[in-house]
Amino acid sequence: MNKIKFFECDDYEQLSGLVANKFIDKINSIKKPVLGLATGSSPIGVYQHLIKAYQNKKVSFANCTSFNLDEYIGLKKEYLDQSYQYFMNQNLFSHVDIDIKNTFFPVDQDNQDLTYDFENYDKKIDSYNGLDILILGIGNNGHIGFNEPGSSIDSKTRLINLTESTVEANSRFFKSKDDVPKKSVTMGLATILKAKEIVLVVVGKSKKEALLKLKSAKVFDSNWPCTALVEHNNTSVYFIKSEIN
Ligand code: F6R
């Protein structure tokens, strides 16, 4: 059964404010909050609202730990500013009081040892008693994290090949499509589903098909990885009315 709660927003500003408030309430209600974080264009507005709330003393990240969803593998040196670690520093961490030692990524940009057992990331999340709240974006092809179509619902954090459609979508940040990394390490669908609360932000007209699949899904369909969320008990999805209708 699909227990997901869907919220139709008027615009990006409203969506970002509502989702940020959810994070603020969660952080303020827990002693040592554990956050799951996404990169990409969609959550930038949420992070801006969180920064403002921090400046206005409505929230502090001092006791927070964070785990990011994914990270590229094989970024060329000239593009290190496209790493997700860099993105998080630019868009959130350097503006708030989170202790950078408590921010984790599934792979280190400076030390990409591909023989590493990436499932240790899941174990590390478990050792923090799991993610209290996780923000997700969604790909045009329905990926969440970088769980591309065909991903198993039992998947844990692992190395994955990005699909042509994802490479194409991400090429907007690179000089040429050839420069876009073709691999990433991502939390798996099982890793994501273990989060106590999930908030998916759907931003962009190109996400319409994926959102409609998610709305109508009754069970998991591996062609649309986002449908794994129907298996979760506490997921909210925020989207913008005019982009979908
Ligand atoms: C990023 C991530 C991806 C993005 C998705 C949408 O950490 O896990 O799933 O959320 O590709 O990207 P944007 O928001 O740029 O459209």
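1. Nine salt bridges are present in this structure, a salt bridge being a side-chain nitrogen of Lys or Arg within 4 Å of a carboxyl oxygen of Asp or Glu. Please keep in mind that this is a predicted model, in which local features need pLDDT of at least 70 and side-chain atom pairs count only at pLDDT 80 or more, while totals for chains, interfaces and linings use all residues. Residues are numbered from 1 along each chain as its sequence is written, and side-chain values use heavy atoms, with hydrogens and water left out.

2. Lys-76 sits in the loop between strand 4 (70-73) and helix 3 (84-91), and Asp-179 in the loop between helix 5 (164-170) and strand 8 (183-186), so the pair ties together parts 103 residues apart in sequence. Helices (H or I, at least four residues) and strands (E, at least two) are DSSP runs, numbered from the N terminus. Lys-76 is partly exposed at 38% relative accessibility, whereas Asp-179 is buried at 13%; buried means under 20% relative accessible area, exposed over 50%, and partly exposed in between (1.4 Å probe, protein chains only).

3. Glu-78 and Lys-175 make another salt bridge, with their closest N and O atoms 3.0 Å apart. This pair also links distant parts of the chain, with Glu-78 in the loop between strand 4 and helix 3, Lys-175 in the loop between helix 5 and strand 8, and 97 residues separating them. Lys-175 is exposed, with a relative accessibility of 68%.

4. Lys-101 and Asp-99 pair up as well, their closest N and O atoms being 3.6 Å apart. Here Lys-101 is exposed at 62% relative accessibility, while Asp-99 is partly exposed at 29%. Elsewhere, salt bridges with shared partners join Lys-22, Lys-26 and Glu-197 into one network.

5. Do have a look at Ser-236, in strand 10 (residues 235-240). Ser-236 is buried, its relative accessible area being 1%. Leaving aside residues up to four places away in sequence, Ser-236 touches Lys-5, Phe-7, Lys-22, Ile-198, Val-199 and Leu-200, where contact means heavy atoms within 4.5 Å. Val-19 is 217 residues from Ser-236 in sequence, yet their C-alpha atoms are 9.5 Å apart in space.

6. Now to the pockets. On a 1 Å grid over the protein atoms alone, a pocket is an open set of points where a 1.4 Å probe fits, with protein on both sides within 12 Å along at least five of seven lines, and lining residues have an atom within 4 Å of a point. The largest pocket has a volume of about 630 Å³, volume being the space filled by probe spheres set on the points, which are joined across faces, edges and corners. Of its 33 lining residues, Thr-39, Gly-40, Ser-41, Asn-170 and Arg-172 lie nearest the centre. Strand 4, helix 3 and helix 5 each give two or more residues to this lining.

7. By class, the lining of the largest pocket has 13 nonpolar, 16 polar and four charged residues. Ala, Val, Leu, Ile, Met, Phe, Trp, Tyr, Cys and Pro count as nonpolar, Asp, Glu, Lys and Arg as charged, and the others, Gly among them, as polar.

8. The second largest pocket holds about 370 Å³ of space. Its lining has 17 residues, with Phe-105, Pro-106, Val-107, Asp-108 and Tyr-116 closest to the centre. Helix 4 (120-127) supplies two or more of the lining residues, as do helix 3 and strand 5 (103-104); the largest share, three residues, is from helix 4. The classes here are nine nonpolar, five polar and three charged.
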